[in-house]
Amino acid sequence: MFNSRIAQRLNLRYPIIQAPCAPYSIEAVVAEVSNAGGLGSLSAALFSPDKIRDSIREIKRLTNNPFAVNLFAPPINSPIPDDFTNKKRYTSDKVLDTFRGELGIKTPDQYTPRSYPFEDQLSVLLEEGCPVFSFTFGELPDGAIAKLKGAGTFVIGTATTVHEASVLVNKPNQNDAVDAIIAQGYEAGGHRGKFDSTKIESQLGTMSLLPQVVDAVGHKVPVIAAGGITDPRTVLASFVLGADAAALGTLFMFSKTTILPSYHREALMNSHPEATQLTRAFTGRYARGITNRFMEKVHDACTGEDDIPSYDIHSSRTMDIAAKAKEAGKGGDYASMWSGQSFGVAKAFTENGTLTATETFEKLVSGVEELKKKFSSTA
């Protein structure tokens with residue numbers, strides 16, 4: 001398809017990556033994409049170490065080709081036990097208690113963190129010989145990347161700004177530097193990889209961010225485009241702008257192979273093109289998803305940055321609400337529905353979500369090849 005450093009390094013037929021989409025990038029989706037010649041990615045950030053081990057072994061059973069596992073980088077300032085109690089209350093807690101009242105549940109005295117200890121998760125990846133590891137939310141603890149590289153794992157970091165890309169690539173010791181960078185544009189669905197001080201409203205779209213990251217670090221490592229890439233046109237545009245690979249999340253989330261809940265699928269099928277927005281309402285970190293009642297009520301009440309606590313403190317406080325809402329058939333009003341801005345394009349390309357991950361991948365590759373022929377014949 002293209003002369004790609006990532007494809008050569010990982011022995012991929014095509015430099016196309018199925019981006020991790022929690023919690024829908026199940027083992028079957030990962031394996032289908034890898035078997036089709038791309039790189040499937042498992043979103044394992046919310047998995048226990050035992051679950052990560054089981055998932056890696058299942059993917060290896062389903063494919064002999066490379067695949068990636070994605071985790072969240074741990075925060076610099078980790079929450080303390082008191083953060084998971086009601087000793088400190090935030091403006092957002094008042095809204096959450098209102099939701100609990102609507103759903104008929106009590107406010108917990110203790111909250112359970114969504115995330116497991118990063119070191120325990122990382123140990124499993126090292127033990128199981130994970131071929132590719134990607135991460136988001138910042139930098140990894142000292143020595144983590146060197147351990148992964150020592151185990152033969154290809155390491156991919158996530159950047160939402162040129163500065164973040166430079167931080168992850170330009171290390172005094174190259175054993176601490178990532179092997180590739182995901183340039184995540186503003187359009188991307190799910191959580192932002194943001195970790196520098198750039199204001200969220202100042203962040204760049206993919207087609208602006210990508211060539212700048214390529215210019216800054218592309219001579220050292222391959223750059224992967226992410227955000228708003230949902231069909232052959234946007235894949236081809238990514239390569240024209242210097243990408244070594246393209247990562248597509250929302251597109252593969254539409255496939256029949258995923259376990260997308262009916263309320264989420266219905267929202268993607270029926271929402272208008274401007275339906276997504278960035279929010280901290282669900283987890284305390286900025287993420288893009290379909291607007292719903294939960295998001296709007298939290299936004300109305302929480303106008304200051306400190307009105308909502310950070311991840312994982314806030315995410316622990318919303319779990320009981322989402323769980324009860326799903327149980328009551330009200331997930332569309334209260335639960336997160338992550339999506340990139342181009343979900344309408346993904347809907348059309350996947351023929352209203354009727355294609356499997358394999359069929360989606362093959363149609364994507366065929367479409368890119370057709371576009372290449374079209375433009376080469378008119379050159």
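1. Let's start with Phe294, which is buried at a relative accessible area of 1% (buried means under 20%, exposed over 50%, partly exposed in between, with a 1.4 Å probe and protein chains only). Bear in mind that this is a predicted model, where local features need pLDDT of at least 70, side-chain atom pairs count only at pLDDT 80 or more, and totals for chains, interfaces and linings use all residues. Residues are numbered from 1 along each chain as its sequence is written, and side-chain values use heavy atoms, leaving out hydrogens and water.

2. Now for the rings: the structure holds nine aromatic pairs (Phe, Tyr or Trp rings, the six-membered one for Trp, with centres within 6.5 Å; planes under 30 degrees apart are stacked, over 60 edge-to-face, the rest tilted). Phe72 and Phe137 are one of them, with centres 4.2 Å apart and planes at 20 degrees, so they count as stacked. Both Phe72 and Phe137 are buried.

3. Back to Phe294: Phe282 and Phe294 form a stacked pair too, 4.7 Å centre to centre with 15 degrees between the planes. Phe282 is buried, at 6% relative accessibility. Phe282 and Phe294 also belong to one aromatic cluster with Phe99, Tyr334 and Trp338.

4. Next, look at Arg293, which is partly exposed, with a relative accessible area of 29%. Leaving aside residues up to four places away in sequence, Arg293 touches Phe99, Glu102, Asp333 and Tyr334 (contact means heavy atoms within 4.5 Å).

5. Finally, two charges over rings: Lys51 lies over the face of Phe47, 5.2 Å from the ring centre, and Arg288 over that of Tyr186, at 5.0 Å. The cut-offs here are NZ of Lys or CZ of Arg within 6 Å of the ring centre and within 35 degrees of the ring normal.
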